[in-house]
Structure formats: C-alpha cells, structure tokens
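Thanks for making the time this morning. I would like to walk you through one model, slowly, and keep to what can be computed from it.

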Amino acid sequence: MINTIIQGILLGGYYALIASGLTFMFSVMRIINLAHGSLAVLAAYALLVLAQSWHINPFLGLLIVLPAMAVLGFLLERLVLERSLRAGQLVPILATFGLAIVIDNLLFEGFGANTRSLGNFIGSLSYDSIELPGGIFVGVLAVGTFAAAVLVLVGLQLFLSFTPFGRAIRATSEDPDTAGLIGIDARLVNGVAAAIALVTVGIAGAALGMRGTFDAYTGGAQLLFAFEAAVIGGVGSVWGTLLGGIVLAVAQSIGAAISPLAFLIAGHGTFLVVLFARLWLAGGIGNLLARRA
Amino acid sequence: MNAQTGFRVERWTAASRAALAAVAAVSLALVFAPYVLGPGALDRLTILFVYVILAAMWNALAGYGGLVSVGQQVFLGLGAYATVKLADLGMNPFLAMVAAGLIVGLLALPLSFPMLRLKGGEFAIGMWVVSELAHLLVNLDPLVRGETGTSLISLNAFDAPLRRAAIYWLALAAMLALLGGLFALLRSRVGAAVQAIRDNEEAAASVGVRVLATKRLIFVFAAAGAAIAGALWLATALTFQPRAYFSVNWTAYMIFMVLVGGIGTFEGAIVGAVLFFAVETWFGAAGVWYLVGLGAVALAFALLLPRGIWGALETRFGLRLLPVGYRLDLSALLRAETKP
C-alpha cells in the first residue's frame, strides 16, 4: 500500500509537469489549448526521430527539440490563438481542437499504430532504481521527472514574480489594454508566454516518452490528465498544481491496485468528485483555473 | 405594421415562408423514399439524417447556448448503450431507441448541475472527462464485455426491407421532430433568452433572464437529441462497440459540420451536415488523411471564416430562410421621413 502511494506520488510529478504548461497558458491568455497533449506527444516523436535516425540521446535531443517547441509556441500564438480569439472566446477551443485532430492523425500517418518508447535510448536509466528504507524501490527516472516538475513549476513562479518580463506577462493577463499604455507589447508578451508554455510541453513529452510508451493518439489522454491535475490542484499556484497531480496519480494507482480496469476510472472519478465538491463549497464559481490573488 | 411609429418587427419574410413550404414539400417527398429508392441509398439517407441531428444538436449547444463541448459523444454512446440494454431486457428495439433518448435526457438533467457551472474550455474538457468515464463504466457491463461489444440482435426479427424502411422512417421522424422542436424553441421566449446568454451572460442575467435554467433546457435537449442519433446509428450498424460510439472523432465531425456550415445559424448546421455527408462519401475511404483534412478545414474555418458558409451568406445577402430571431423593418419609417 505504501509502495502504491509512493509510486503514485512520483507519477503525480509527471501530471504536474504536463499540467504546468496548461495552467501557465491559461493564466496568461485565458485559453485552454486543446492541442496541449498532442503537442507533448509530437515532442516525444521528435526525440524519437532524433534518437533513431541520428543517434542523438534524448537528453541531448532536448537541446534541439525545446527551442523548436518554443518557436512552435510563438507561431501557435501568432497564427492560431490570437486570430481565433478575435472571433470570440469560444473559437480558440474549436481551433485548438482542430489542430489536435490534425497533429494526432499526421503522427499516425507518419509513424503508424505501433506504440513507441524513448526507454531504449537512455541506457539503463529506464530501469535503474533506488532502494528506499522498507524495501521499496523507486525508479530513478520517476524521481527525476518529479524533480523536473518541481523545477519547472518553481521556475515559472519565480519568473512570473521576480523578472521584468514576468511582471509584463502578469500585467498583460490582468488587462492587456492598460499594459499597452505603459509600453508593454501585449502581442510579444503572449507570444513569449506561449513559447514558454510549449517548452514545458516539450519537457513533459520527453518524460512521457522515457517513462513509458506512447502512440499517435496518446495526446487526448495527456490533455485530460493535465486538465484534471490543474483543476484538482485549483488555484494555479505551484504547490496546487503539484498537489493536483499527486492526488490524481495516487487515486489512479490505488484504483489500479484494486483492478487494472480501475486505473482510469479512479482518476476520472476522483476528478469529478473534487470538481463537484469544489463547486459545492464555492457555491458557484466561474473559472476554476483562474488565479485568485 | 405599426402605423404610429412606422416600423415593424418581422418574424417571417417572403423568402422564409417559401423556404418553409419547400422544407415541408421535401419532407413529404422523403416520406415516400422507401418506395422508390434502393436499399443502399436508403441507408445513406438514414446516415445523413443522423448527421443532421448531430449537427443541429451540437449547434444548439455551442452556437446558441455558448457551450462548446468536446464530449457530446457521451450522449451518443449512452443512447446506443441504453438501446441495446433495453432491447436485451426484451423491449421492442424501435421502442427502445425512443426510450433511450428519453432516458439519456433524464440522465443529462442531474449532470447539468455541476457541468453548467463550468465555463468555456473547462466545460469543453470537463465533458470529455465525463465521456471517458462513461465509456469505461459501460465497458464493465457483462453484456458489453469490454471492447468486444454486442449487437442489437432483436432487430433481426424483422425482415430486411421492412427493417430498413422502419429505421429510415424513424430517423426521418426523429430529425424532423428535433429540428422542429429546436426551431419552435429558438423562436419562443427561451430562444431569445438563449441568444442573449450567448452574447453576454451578465447582461442577460441583469435583464432577468434565468441563465442557468435556460442553459439547462438546451443542454438536456441536445443530450436527448444526440442519444437518439446514437440509437439510430446503432440501428444502421447493428453492432455496439463502445470504442466506436464514445470516440472523440464524433466531436470532430460535429465541430466540422457546425463550423463549416455556420455556427449559431439554424440553416448552417443543416448545410454543414449535408457538406460533411458529401465529403465523407467522397473522401471517407482515405482514412487517416480524411481525418487530417477534417481537422485542417475546421481549423481554417475557425481562423478565416468563423461564421461559416451560411453565416457569411447571411451577413452578405441578409438571407434568412428559417428565421429564429427578430428583424426590424424600418423601410416605412424611412419613407415617411423623406416625405415633406
């Protein structure tokens, strides 16, 4: 049981990692990017191609893939999000959903139905483990993912709080017009914010590929996990997101311990119970992901 | 005509009266299709009707209610599941299809309480989670046996031509009833309230629109409609494999139809369904590339023509064939003012 919970907590690190970009983008632009999970899978495939064709270790591959993701994020904001937001609040949902369908099916067309993994390209790291007191083994990779999640979340928070650009992002998300009056270029700020969000998506994609297997249609599930972790964690703070990921993953792990079929059921069920409870307690709030000062 | 002020509020135009007459004539002609058309054509028409229902229901929710859901496949899946379940319990399969719509509508009512508290993208993904959960739970039913699925065997008791015609008529009746119901609903006080909410929720609430109750009505209506579409799809396909019914691809189809046709226009959803039907007929065999194309076209419409084909026509030509709103005719007033 303790083992189940510890493994769950470590898996929660991955969920927090993939949720971090989703909440970051939402807190800056008030957009939920429905292609979020598909983009993570795209990054995993990019690392796979680098490893297979050019024998580039996935960790080194990140040096290529993360800047590419940043560019992709900037383009996503300029070409899709900004434009669709002008047509109404709901249009970015439709546009990013369309984008997700395109990405998923192009990946399927390019790579077929086989499940892939980056595990073969990272040496013994995919199965190395550390023994904890009490005879519990934890994977080095799982611990590393958890640490990466904490680093990304803390890094984003520090960036938003203490750097001039972070302040510009916060000002733009509060009120783009007024931010414009004091010389902040809202378009640039949103573009860079999207670039940062997609860098975290790239890291999450690497973690996804190294920790387990993925295929072209894995993206949808990753989006749901990210969303669930973000909503369970609530307020959009660093620890909220981490806690949300952990609650989701522990629920899934306990479910899986009862029956393999119950892994996803327990996760989705916990999400809905937390959602209902939060709605009940708050007596009807609007944006669950919104940052409340 | 308001003689004192010189303006009048139009609810019908000459064009729309003619359009309604045309719709009635086409509907009447469609009733006799089973006596004329071959089995293949009849099945295709049934599928077209299912698409029209799905598009109209998703449009009611998103285009009029302002609720974009990427989980409407949950109602489609539950509609099909309820049909096999009821038929398995001994109910006449045709009766089961209608009952499934009602049952899913009833299920949607309690679900609406938490879900309608969510806004924008949160509602969209929240519905997807609900759909995934429903899919997993349906898989647990021993009748369904996971992804193996089951079939609506009791339909085999009817001989093929009669069965085909009966499904066709049921689909036609369901489509006309749902479209008619939606048309009446949107022209009623509720319709005005729904559109006010879509345009500005706070402003609507401030003039006394009961926001949640109105959204709930649309949500439940759209759920029941999607469930009937699922039941009809089951009747044409005969097999119930949960994966095929709870697939997010259905949402991709619905978004394609409504975005291309024209979101928030009554005629647009129908136009979109017919276009989708044509696209599927010609390119459906292309498999994955077909899906890439659907996603890309939906994305392009969201970016370049968010009001869709019908929305663009409507703005340009002032065309309203099936008007659900009000139109102010000021021509008499303008004439009066130009007179000395």
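What you see is a predicted model, in which local features need a pLDDT of at least 70 and side-chain atom pairs count only at pLDDT 80 or more, while totals for chains, interfaces and linings use all residues. Residues are numbered from 1 along each chain as its sequence is written, and chains are lettered from A and ligands numbered from 1 in the order in which they are written.

On confidence, the predictor gives the complex an ipTM of 0.89 and a pTM of 0.89.

Turning to chain A, we count 11 helices and 4 strands, taken as DSSP runs numbered from the N terminus, with helices being H or I of at least four residues and strands E of at least two. The C-alpha trace of chain A spans about 60 × 50 × 35 Å along its principal axes. Of its 293 residues, 52% are buried, meaning that 20 or more other C-beta atoms, placed from the backbone, lie within 10 Å of the residue's own.

Now to the interface, where contact means that two C-beta atoms, placed from the backbone, lie within 7 Å. By that criterion, 42 residues of chain A are in contact with 35 residues of chain B. On the chain A side, α3 (58-86), α4 (91-111), α9 (219-233) and α11 (262-282) each supply at least two residues, and the largest share, 13 residues, comes from α4(A).

Finally, the interior of chain B. In helix α8 (residues 189-199) of chain B, the buried residues are G191(B), A193(B), V194(B), Q195(B), I197(B) and R198(B), and what covers them includes α3 (39-64), α7 (160-187), α9 (201-206) and α10 (211-237) of chain B. Which partners does I53(B) contact, leaving aside its neighbours within four places in sequence? They are A174(B), M175(B), L178(B), G225(B), I228(B) and A229(B).

Definitions and conventions:
A residue is buried if 20 or more other C-beta atoms lie within 10 Å of its own, exposed if 12 or fewer, and partly exposed in between; C-beta atoms are placed from the backbone.
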